[in-house]
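The structure is shown first, and the description follows.

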Protein chains: 2
Amino acid sequence: MGAQQSALATPPGYAIHDAESLRTALAAVPDVARVLGGSPADWTIEEVGDGNLNLVFIVRGPAGGTAVKQALPYVRLVGESWPLPLSRAHYEHLALRRHSALAPGLTPEIYHYDATAALIAMEYLSPHIIMRHGMIAGTVYPGFAEALSGYLAAPLFGTSALALPAAACKNLVADFAGNTALCKITEDLIFTEPYQIADNNRWTPGLDGHAAAIRGDGDLKLAVSRLKMRFMTAPEALLHGDLHTGSIMVTEDETRIIDPEFAFMGPMGFDIGAVIANLLLNYFSQIGHEAAPGARDAYRAWILRTIEALWTGFQTKFTAAWVAGGSGDAYPAALFTTPADRAHLARERAAYLDRVFADTLGFAAAKMIRRILGLAHNIDLEWIEDERVRATAEARALFLARDVMVNTHAYRGIDAVTAAAARVNGLVPTLDGA
Amino acid sequence: MGAQQSALATPPGYAIHDAESLRTALAAVPDVARVLGGSPADWTIEEVGDGNLNLVFIVRGPAGGTAVKQALPYVRLVGESWPLPLSRAHYEHLALRRHSALAPGLTPEIYHYDATAALIAMEYLSPHIIMRHGMIAGTVYPGFAEALSGYLAAPLFGTSALALPAAACKNLVADFAGNTALCKITEDLIFTEPYQIADNNRWTPGLDGHAAAIRGDGDLKLAVSRLKMRFMTAPEALLHGDLHTGSIMVTEDETRIIDPEFAFMGPMGFDIGAVIANLLLNYFSQIGHEAAPGARDAYRAWILRTIEALWTGFQTKFTAAWVAGGSGDAYPAALFTTPADRAHLARERAAYLDRVFADTLGFAAAKMIRRILGLAHNIDLEWIEDERVRATAEARALFLARDVMVNTHAYRGIDAVTAAAARVNGLVPTLDGA
């Protein structure tokens, strides 16, 4: 084996793979060798990981390919100075299996999981691309809202106390309770650091004033702290935990969700909000990607309609799942048997979804702010070379996010959010030095 | 060993104790033998368990005594037809240790825990009596509210994300996640069965109409289902889980809390509400215990003042603990550094306690209803021999509980609750056949 040893403590048998050690390892796994076909010497192996945390190899053989993801004992983006447990591969694999059972066809198939190597060999998705790239290029994905709202509704309902006995929910909580290091990344980078002076923070020149305003905004800091508390103590359903457009692979016809290594039992709105935040960030970024002013207006409109369809699709499917299969320990069917009872329960479902909606907006706002003022930015905005243009897009996103997080209940429906986004996109923000 | 074997599956080494097998077992535990003194043959051993679930032996020796609690593999009240895991002794012991560290002097000292025997040998509390008995007799406990509000505030704060890192909270959640069988008793008996036709239910003759009204009350069934959902999915703090006046031992000067075998990470208001519910039930029961009408008016007033002092004491102590030690991952101190920030945070603390208060009222109401319409009743009411008097007291309690649970937010403070209790105690309820 040509694998190098990590300087950080890892369990016996773990080694960081390179192409040749991986070839040897996969050759010993019949399920993977069969997918690839030919002999191991024929396989091409390429490390392509552009994420923040892991190694990702694409392995191709005469018969097919596999994507192999290996956890490193540290954060790839930062290096060995930031250790991170290998167990995240365990949680990812567990969540992938659970989510794929509840939302078939929307996650990659798993060929092989090696706990010791913290490695998952899964279906190589082709010609799928990372959705974020497609959206930067202005590509419309007509089936996306339908597919993703299904991915959200089925697993979020199916892992909740609305569908499961209390004991099954608690087993899920316990199964994922150890994924604290990944949760802490979210707690720190999303809910805390952007609101204080922190070494990890960075932002586009021109936004000093905006960043300072956010650090001084007591209402906003309370709002984000309430959201953080919910993130930590509201185990409503098994979340993906990092559902941005970089965790979604698409063709014009297909949508697949990857990378649930941040999975844990948390508030449903966190996953839904993550997607909406990333769609909104892309919306505001279009000013930096269009060939001429207004050239992407139709695309902008598509994004806003997609956000609306995503929420309404989720709402419809989640409600239907509850009506059809609300056999969990919560709101027991046996208590709601008369027509009057059922009318009450129907109103309660709407009220429940209103609460999820409020969470969704709050978490979406938090996700937008962290991508502009915190450690990890996204390329929708980062790839805008003109810093004034980028700062303009980002200031608009911050303005919307701040209002949505503090005045959440003024947004009575998803239309109110998209209408506000369109209005904010017409604002000319004040930048430093302007 | 003279211990009999249970017909239910138990782990190797477990046997249900009788006095003689317990004598042999305790003789082998130096920490217990030292407390008792003399030789094992000198010890008197008496089984006194009057609870619903376990065996309880009082063992006395020349030097001192110990109370020994052994879990049975079934519900004692019902028998072998209702199995219940022995692991509850593990959770009780774990919770006792954690709570006693946070609220010293308010729980019995543990001398010995035997996991195999599901047995805890603890301090024999004397001359303490079960508080419920004292209250039926009309005994005032001047220090109770002060002690119990401390017991509530310190552990509930100290095991929450306000005091602990998120990972520590999740460890606690995982540590107690297995106590699902005990949680399910609560979920079924408190939050579900009293609201439907169920074999376990029973009530005093005269209350058929009230029981039917509650089963047909859609608003109430939604309200109790929301509370059930919070019970299942709001791991705010490590709860006692069964904090009625039968789990509290008192003298006029001392208060000790026993029996946290229902412990789990849940909503704070559940523990606080449990105490308040039991004080209110005793309040309404006084009509059946006083020598002449009005003879217990001063005692009634003491109960209501105690409920007020309990909540305000909790509120004050919890807030003080947060101000002094809010070093958990929630509401991070680093975000609230300016005087303006701190003023915001002070308002948030009040808002947080308002939410705990609303939970407290809802759970108190649920606890009152279950003791009147569900399986497990309490002797405050059961010991009233005149069924019309008992039904009158119970109908009043049901009336208050229904209003508090459905119109929780109309009760703006604890004074509103005690004032309502006093008003309701003057009502003449309609009973069947009247």
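## The interface between the chains

In this predicted model, about 3700 Å² is buried between chain B and chain A, and 65% of that area lies on carbon and sulfur atoms. Three residues, Lys170(B), Leu222(B) and Leu335(B), supply 18% of the area that chain B buries against chain A, more than any other three residues. In terms of contacts, 44 residues of chain B touch 44 residues of chain A.

## Salt bridges and polar contacts

Four salt bridges are found across the interface of chain B and chain A. Glu348(A) forms a salt bridge with Arg226(B), and the closest N and O atoms of this pair are 2.6 Å apart. Between chain B and chain A, 10 residue pairs are in polar contact, with both residues at pLDDT 80 or more.

## The side contributed by chain B

Four helices of chain B each give two or more residues to the side that touches chain A: H6 (166-176), H7 (180-189), H9 (218-233) and H12 (339-373). The largest share, 11 residues, comes from H9(B). By residue type, the side of chain B that touches chain A divides into 26 nonpolar, seven polar and 11 charged residues.

## Aromatic pairs

Over all chains, a search of the whole structure finds 34 aromatic pairs. In chain B, the ring centres of Trp311(B) and Phe357(B) are 4.9 Å apart and the planes stand at 55°, so this pair is tilted. The pair links distant parts of the chain, since Trp311(B) belongs to helix H11 (residues 297-325) and Phe357(B) to helix H12, 46 residues apart. Trp311(B) and Phe357(B) are both buried.

How are the rings of Phe318(B) and Trp322(B) placed relative to each other? Their centres are 6.4 Å apart and their planes are at 90°, so the pair is edge-to-face. Both residues lie in helix H11 of chain B, four residues apart, which is about one turn of the helix. Phe318(B) has a relative accessible area of 0% and is therefore buried. Trp322(B), with a relative accessible area of 2%, is likewise buried.

## A cluster of rings in chain A

In chain A, ring pairs join a set of aromatic residues into a cluster. Its members are Phe157(A), Trp311(A), Phe314(A), Phe318(A), Trp322(A), Tyr331(A), Tyr352(A) and Phe357(A).

Technical notes. Residues numbered from 1 in each chain as written. Chains lettered and ligands numbered in written order. Predicted model: local features only at pLDDT ≥ 70, side-chain atom pairs only at ≥ 80, totals over all residues. Heavy atoms only, no water. Contact = heavy atoms within 4.5 Å. Buried area = accessible area lost by both parts, 1.4 Å probe. Salt bridge = Lys/Arg side-chain N within 4 Å of Asp/Glu carboxyl O. Polar contact = N/O pair within 3.5 Å; in protein donor to acceptor, adjacent residues only side chain to side chain. Nonpolar A, V, L, I, M, F, W, Y, C, P; charged D, E, K, R; others polar. Phe/Tyr/Trp six-rings, centres within 6.5 Å; stacked < 30°, edge-to-face > 60°. Buried < 20%, exposed > 50% of the residue type's maximum accessible area, 1.4 Å probe, protein only.
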